[in-house]
Amino acid sequence: MSRTIIACFDDQASADSAIGDYAAWAARRINAPLCLMHVLEQHALTHEDYSGQIGLGTRERMLEERTEEEGQAARQAREAGRHMLEALRARLVDDTLMPEMQQRHGALAPTLREKCTSEDLLVLGRCGRDHNHGDGTNSLGAHLEDLAQHLDVPMLIAPARFQRPTRAMVALDGSKRGLDQLSRLMQWGWLEGLETHVVHVSEPADTEPAERGAELLSAAGIDARAVTLEGDAGRKLPAYAREHDIGLVAMGAYGHSSLRRFLMGSKTHTLLESMPGAVLLMRHI
């Protein structure tokens with residue numbers, strides 16, 4: 001089955017969004033087509049409800065006017081979204097990449113469930129609508145937390161600013177499936193040319209998982225180093241990534257992975273927001 005990189009933008013996105021840059025980087029790296037998708041959610045068009053506050057005749061007229069206003073607002077939002085996609089596409093296109101553009105109208109999660117397959121890669125930003133602090137902090141949008149927990153699709157979560165990764169960190173949980181995912185990362189070309197830190201966090205420390213992973217990558221010609229940390233993964237992984245200027249963090253979010261509890265539970269914000277670069281959540285990738 002073929003895979004597509006799907007870069008998802010809401011009604012607040014702009015043509016210089018780092019989501020597009022990371023999606024284009026990923027598409028070129030794994031040689032996959034890129035789709036730029038603008039999703040216009042209904043709440044962006046909702047106006048105040050005056051029903052029950054005014055007389056019947058006036059209320060009917062105002063409801064008609066509001067319907068017309070909402071229709072006009074929807075047309076304007078679609079047009080603005082189309083212009084944003086066109087400007088973004090013009091910025092990203094070259095001889096190696098010809099992005100497709102799509103617009104969808106509806107709730108984000110159901111729209112993406114309908115569009116994405118388990119072989120695709122979904123690229124999202126950390127800051128969603130109504131969750132952007134505006135102060136440079138990495139506020140994780142509620143939509144992202146919901147999708148990370150309920151959408152069974154690999155996701156690349158982009159920070160606010162694009163920085164081409166030169167170092168990667170692969171967080172292993174010590175399971176066979178973790179090693180299988182590491183092999184797939186290597187086969188798809190995610191780690192080619194990147195200094196790759198294979199990290200295992202446990203308590204007490206266990207060096208075998210990281211060493212096995214690093215040996216697997218080194219045998220394929222990838223610059224890999226094994227790292228074993230002791231303690232809590234939710235704190236140790238982000239701290240290590242910041243200390244070593246990691247631009248891409250890959251970790252499993254599948255089955256009974258010990259890392260899954262940090263992604264699927266109350267620690268989602270703590271772990272993902274504190275990572276310095278892009279985060280690749282692996283499912284079937």
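Select D245 to begin, and you will find this residue in the loop between α7 (233–243) and β9 (248–252), where helices (H or I, at least four residues) and strands (E, at least two) are DSSP runs numbered from the N terminus. The phi of D245 is near 55°, a positive value in a residue other than glycine. Most residues other than glycine have a negative phi, and most peptide bonds are trans. With a relative accessibility of 43%, D245 counts as partly exposed, a class that lies between buried (under 20% relative accessible area) and exposed (over 50%), judged with a 1.4 Å probe and protein chains only.

Before going on, note that this is a predicted model, in which local features need pLDDT of at least 70 and side-chain atom pairs count only at pLDDT 80 or more, while totals for chains, interfaces and linings use all residues. Residues are numbered from 1 along each chain as its sequence is written, and side-chain values use heavy atoms, with hydrogens and water left out.

Next, select N31, which lies in the loop between α1 and β2 (34–40). The phi of N31 is also near 55°, again a positive value in a residue other than glycine, and N31 is exposed, with a relative accessible area of 73%.

Now move to E203 and P204, which are joined by a cis peptide bond with an omega of about 5°. P204 is found in the loop between β7 (195–202) and α6 (208–219).

Which residues are in contact with I5, leaving aside its neighbours within four places in sequence? Among them are A23, A26, A27, I30, L34, L121 and V123, where contact means heavy atoms within 4.5 Å.

Finally, show the whole protein, which has nine helices and 10 strands. Of its 285 residues, 48% count as buried. Among contacts with a separation of 6 or more, residues 24 or more positions apart account for 78%.
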